[in-house]
Amino acid sequence: VQLQTSGGGSVQAGGSLRLSCAASGLFFGSYFFGWFRQAPGKERELVAAISYNAGATRYADSVKGRFTISKDNAQNTVYLQMNNLRPEDTAVYYCAAKPRTAIGQGVTMDEIGYRYWGRGTQVTVSS
């Protein structure tokens, strides 16, 4: 299984970036996906999650209304559109995949169960 993450970079506050996570080696339609981030000196946190069928999403309060997670099951790719970026969004961002374990299982902000991880991509927001 591989999760290929791309799209990080440096922007000024108020700018936008889109992260991509291309998955291979797994049955894409049976996995939840999450975007995590870890800032220097801080614990890793889940900022957005999407259900296996892309029917539902969840967000951390800190990014709600600014970030959008989406899942293209035809392209086996997950995206994180980040708008109105703030300096506090500066972090290494990771894509991760969690298998569905039950029919009709809903998406949550539970960080447990993510089995596969992509390499991190740096996002730097300057003021």
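The model is a predicted one, in which local features need pLDDT of at least 70 and side-chain atom pairs pLDDT 80 or more, while totals for chains, interfaces and linings use all residues. Residues are numbered from 1 along each chain, and side-chain values use heavy atoms, without hydrogens and water.

One of the pairs joins F32 and Y52 edge-to-face, at 5.5 Å centre to centre and 80 degrees between the planes. F32 belongs to strand β4 and Y52 to the loop between β5 and β6 (57–59), so this pair ties together parts 20 residues apart in sequence; strands are DSSP runs of E, at least two residues long, numbered from the N terminus.

A tilted pair is formed by F36 and W117, at 4.7 Å centre to centre and 50 degrees between the planes. F36 has 0% relative accessibility and therefore counts as buried, whereas W117, at 32%, counts as partly exposed. Together with Y114, F36 and W117 form one aromatic cluster.

Charges also meet rings here. R44 lies over the face of F36, 5.3 Å from the ring centre; the rule asks for NZ of Lys or CZ of Arg within 6 Å of the centre and within 35 degrees of the ring normal. Likewise, the charged end of K71 sits over the ring of F28, 4.3 Å from its centre.

Terms used:
Rings of Phe, Tyr and Trp (its six-membered ring) pair if their centres lie within 6.5 Å; planes under 30 degrees apart count as stacked, over 60 as edge-to-face and the rest as tilted. Helices (H or I, at least four residues) and strands (E, at least two) are DSSP runs, numbered from the N terminus. Buried means under 20% relative accessible area, exposed over 50%, partly exposed in between (1.4 Å probe, protein chains only).
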